[in-house]
Amino acid sequence: MTAVENDADVIVVGAGPGGSATAYHLARHGVRVLLLEKTEFPREKVCGDGLTPRAVRQLIRMGVDTSPEAGWLHNKGLRVIGGGVRLELDWPDLASFPNYGLVRTRLDFDDLLAQRAVSAGAKLRTSVNVIGPVLDADDRVIGVQAEVGPEKEPATFHAPLVVAADGVSGRFPLALGLAKREDRPIGVAVRRYYRSPAKHDDDYLESWLELRSKDSGDNLLPGYGWIFGLGDGRVNVGLGVLNSSSAFGRTNYRRLLTDWLANTPEDWGMTDEANAEGPILGAALPMGFNRVPHYTRGVMLVGDSGGMVNPFNGEGIAYAMESGELAAEIAVQALARPAGAERERALMAYPQELKARFGGYYRLGGIFVKLIGRPEIMRLATKHGMPHPTLMRFVLKLLANLTDPRGGDSMDRVINAMTKVAPAV
């Protein structure tokens with residue numbers, strides 16, 4: 001067999017938060033990394049732009065300056081609105097996580113993370129659209145095929161290991177026959193930016209558990225909304241609908257968003273189309289490990305590509321970055337071993353560790369999704385749960401996956417025990 005000259009030790013497909021985190025942590029360990037991104041920076045992404053303390057921890061681990069002076073809007077916690085109650089819940093004070101969240105648009109957030117990877121030693125190439133794998137005689141991936149630049153010139157890049165961080169579309173794993181699992185939860189989210197002097201510098205992320213339009217009366221609209229201030233005169237406003245809802249796939253989500261916003265206070269600026277910036281954009285939320293296996297034939301899946309969005313709250317960035325760091329740690333150990341059975345044994349630790357960390361939690365999330373997809377259960381939960389701040393603090397810890405693994409308070413111990421006894425997905 002002809003020897004192949006490798007362009008890198010690891011090729012990372014996609015320079016979103018998961019891909020850039022993977023590339024950063026690999027490069028920091030001296031691994032030669034080629035980070036391939038199909039677009040040019042800066043580029044927009046459909047997202048709520050809000051980061052919980054779980055995501056903030058990963059930014060800090062990448063050496064990112066998260067100070068307000070560096071352009072970040074800090075928040076204290078989550079404001080929950082539902083059941084006729086408005087409740088402000090501060091992020092928990094924990095040893096394992098910082099006690100603040102952040103907001104920043106994906107327009108420069110992804111660019112910032114990609115540059116962190118470059119500063120650590122990764123080689124970033126943009127306008128490189130990866131279209132499929134390069135396979136050896138044993139059907140193992142040894143590189144990628146791509147189209148480069150506006151002329152779509154064909155190119156091939158080789159590496160003994162490829163990380164697929166190409167987002168919800170998952171074109172690379174799809175090319176390997178790794179389709180989405182239909183038995184796992186999935187959501188659809190739409191969002192839009194509005195100019196809103198009244199809400200833009202809010203120091204809480206705002207979550208609406210019940211959505212109503214002007215003419216809906218007591219009938220709830222399907223879905224759950226958010227309003228996140230950006231600190232620059234604008235807000236990110238959006239809503240999500242889960243596939244456990246009867247409205248999933250049968251709803252005009254853009255109309256749903258404007259119907260809800262028409263019922264918000266006029267001085268917030270979201271009832272006036274003149275205050276809108278840009279169109280309403282939508283994206284799918286792949287949840288609960290809806291694409292597996294997370295390692296096969298020389299390819300590791302990271303973030304949305306492996307369906308790692310939290311089913312409880314729709315958060316994807318934290319899990320993309322965490323899985324990227326984990327993939328990097330395991331890849332470093334694997335590449336230190338000779339190719340063959342020894343290296344494969346090390347790489348197989350990746351799906352096992354993902355399952356150990358998140359499998360039980362995502363199983364609980366799947367049950368949660370099925371329950372809240374039923375309006376009568378959601379109505380009961382908001383009516384009887386919202387008036388109890390202690391219960392809601394427990395719910396915040398559960399939904400945001402914020403507990404101390406060792407020690408912690410009684411809430412932490414209950415949540416940690418629940419995730420341990422739940423069978424992993």
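Predicted model: local features only at pLDDT ≥ 70, side-chain atom pairs only at ≥ 80, totals over all residues.
**Stop 1**

Across the whole structure, a search turns up 30 salt bridges. Start by selecting Arg-57 and Glu-322, and show their side chains. The two form a salt bridge, with 3.7 Å between the closest N and O atoms. Now colour the helices they sit in: Arg-57 belongs to helix α2 (residues 53-61) and Glu-322 to helix α6 (residues 317-335), so this pair ties together parts that are 265 residues apart in sequence. Arg-57 is partly exposed, at 23% relative accessible area, while Glu-322 is buried, at 3%.

**Stop 2: Arg-79 and its partner**

Next, pick Arg-79 and Asp-202. Their side chains meet in a salt bridge, 2.6 Å from N to O. Here too, distant parts of the chain are linked: Arg-79 is in strand β5 (residues 77-82), and Asp-202 is in the loop between β13 (186-195) and β14 (204-208), 123 residues apart. Are these two buried or exposed? Arg-79 counts as buried, with 4% relative accessibility. Asp-202 counts as buried as well, at 13%.

**Stop 3: a pair two positions to look at side by side**

Move on to Arg-234 and Asp-232. Their side chains form a salt bridge at 2.9 Å, N to O. Asp-232 is partly exposed, at 45%.

**Stop 4: the β9-β10-β11 sheet**

Hide the side chains and go to cartoon view. Select β9, β10 and β11: these three strands make an open sheet in that order, with antiparallel pairing. At the edges are β9 (128-135) and β11 (153-158), each of which pairs on one side only. Look along the sheet to see how the strands are set: neighbours are turned by 25° against each other on average, direction ignored.

Now zoom in on β10 (residues 141-148) and β11. How many bridges join β10 to β11? There are six, and the two strands run antiparallel.

Technical notes: Residues numbered from 1 in each chain as written. Heavy atoms only, no water. Salt bridge = Lys/Arg side-chain N within 4 Å of Asp/Glu carboxyl O. Helix = DSSP H or I, 4+ residues; strand = E, 2+ residues; numbered from the N terminus. Buried < 20%, exposed > 50% of the residue type's maximum accessible area, 1.4 Å probe, protein only. Pairing = 2+ DSSP bridges. Axes fitted to C-alpha atoms, helices over the stretch in contact; angles between N-to-C directions.
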